[in-house]
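Have the sequence and the 3D view open as you read.

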Amino acid sequence: MHSPTLAWLSEEQWLPLATAHAERSKRFGEPFTARRMKREKHPIEDFLFTYYTQKPGQLYRWHPGPGVVLGGEPARERAGWKFYREVLDEGSGERGYTVDVEAFAEARLEAIRFARIILAGTVQRPGNFACFGLHEWAMAYKSEQNGIRHEYLPLRLGAGGTDAVVEEHKIRCTHFDAFRFYTPEAVPRNELQPTRETQRNLEQPGCLHANMDLYKWAYKLTPAVPSELVMDCFELAWDIRTMDMQASPYDLLEWEHEPIRIETPAGKAEYVRRQKEFAERAQELRLRLLALAQALPL
């Protein structure tokens with residue numbers, strides 16, 4: 001008889017889930033790997049594999065999350081996976097493998113605590129929907145002196161036009177990991193001066209980058225996060241990155257992406273509409289991640 005506190009899945013039950021996850025994730029990862037082999041770049045689709053630290057092979061691995069035991073011969077390879085342990089069913093003698101949440105929580109104590117702080121704080125704050133994606137413009141400000149991060153992309157309005165957009169707007173970016181890429185001349189133009197120390201107080205649910213970072217928290221808490229939730233966060237980040245670059249100063253017509261012209265009233269309205277849609281998607285995922293983080297035994 002199986003343990004009442006664990007859900008046992010037979011090989012026939014869990015292998016299709018693992019296969020479906022691999023197919024879902026490889027749709028994103030395999031084109032990236034193919035481009036790397038050919039030394040090609042994509043300004044949107046490479047981001048989640050270059051800025052974030054999880055590699056495609058790690059993303060392809062399926063994890064059921066806590067409280068699930070995987071049975072059958074294919075599960076035996078998990079004996080060598082980090083943060084898995086063997087479970088013996090005393091009634092049937094069946095062996096299975098499950099996430100070792102105690103070992104994971106002990107090893108990743110600080111990461112779990114910080115994730116709880118960031119996720120819980122962001123959930124309860126109001127969203128700021130008046131930034132218009134100007135963080136990307138601030139990263140390209142005074143490009144004639146500083147160059148640009150994406151050196152192979154043309155600036156849609158040119159260097160002077162990009163500088164003018166920055167100078168004509170108030171910039172109030174709350175996200176440290178965007179702010180730290182500002183050009184030196186753009187730094188004092190931001191109304192806030194985010195730091196790593198103040199991140200826990202400034203993260204807010206309207207921020208595109210904070211919502212993309214849900215993917216980061218999801219994989220940092222893996223395997224204590226089910227892979228379906230990791231991919232939900234990944235796909236949200238993918239969609240946000242697309243919009244983020246469409247609203248940036250770069251010309252992406254070569255990649256078949258029309259710009260969101262945030263320097264115009266119509267462009268601002270479109271940006272805010274889509275930003276609010278992303279914020280709604282993100283809050284639901286953030287609450288799910290927070291519940292999992294808070295359930296870990298610290």
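A residue counts as buried when its relative accessible area is under 20%, and as exposed when that area is over 50%. Keep in mind that what you're looking at is a predicted model.

With that cut-off in hand, take Trp217, which you'll find in helix H12. Is Trp217 buried or exposed? Its relative accessible area is 6%, so Trp217 is buried. And what does Trp217 touch? Leaving aside residues up to four places away in sequence, its contacts are Phe114, Ala115, Ile118, Leu119 and Leu289. If you'd like another landmark, look for Cys233: it comes 16 residues away from Trp217 along the chain, and the two C-alpha atoms are 9.1 Å apart.

Now move over to helix H5, which covers residues 109–124. H5 is 16 residues long and spans 23 Å from its first C-alpha to its last, close to the 22 Å expected at 1.5 Å a residue. Which residues of H5 are buried? They are Ile112, Ala115, Ile118, Leu119, Gly121 and Thr122.

Two packed helices are described by the angle between their axes and the distance between the axes. For H5 and H14 (residues 265–295), the axes come within 9 Å and cross at roughly 145°. That crossing is left-handed. On the H5 side, the contact is made by Ile112, Arg116, Leu119, Ala120, Thr122 and Val123. H14 answers with Gln283, Arg286, Leu287, Leu289, Leu290, Ala293, Gln294 and Ala295. Sorted by class, this contact has nine nonpolar, three polar and two charged residues.

Next, look at another pair: helix H1 (residues 11–37) and helix H13 (residues 227–246), whose axes come within 11 Å and cross at roughly 20°. That angle makes H1 roughly parallel to H13. H1 passes H13 in a left-handed crossing. From H1, the contact involves His21, Arg24, Ser25, Arg27 and Phe28. From H13, it involves Ser227, Glu228, Met231, Asp232, Phe234, Glu235 and Trp238. What classes do these residues fall into? Four are nonpolar, three are polar and five are charged.

Methods:
Residues are numbered from 1 along each chain as its sequence is written. This is a predicted model: local features need pLDDT of at least 70, side-chain atom pairs count only at pLDDT 80 or more; totals for chains, interfaces and linings use all residues. Side-chain values use heavy atoms; hydrogens and water are left out. Axes are lines fitted to C-alpha atoms, for helices over the stretch in contact, and angles run from 0 to 180 degrees between N-to-C directions. Helices (H or I, at least four residues) and strands (E, at least two) are DSSP runs, numbered from the N terminus. Angles under 35 degrees count as roughly parallel, over 145 as roughly antiparallel, 65 to 115 as roughly perpendicular and the rest as oblique. A crossing is left-handed if the near helix is turned anticlockwise from the far one by less than a right angle, and right-handed if clockwise. Contact means heavy atoms within 4.5 Å. Ala, Val, Leu, Ile, Met, Phe, Trp, Tyr, Cys and Pro count as nonpolar, Asp, Glu, Lys and Arg as charged, and the others, Gly among them, as polar. The expected span of a helix is 1.5 Å times one less than its number of residues. Buried means under 20% relative accessible area, exposed over 50%, partly exposed in between (1.4 Å probe, protein chains only).
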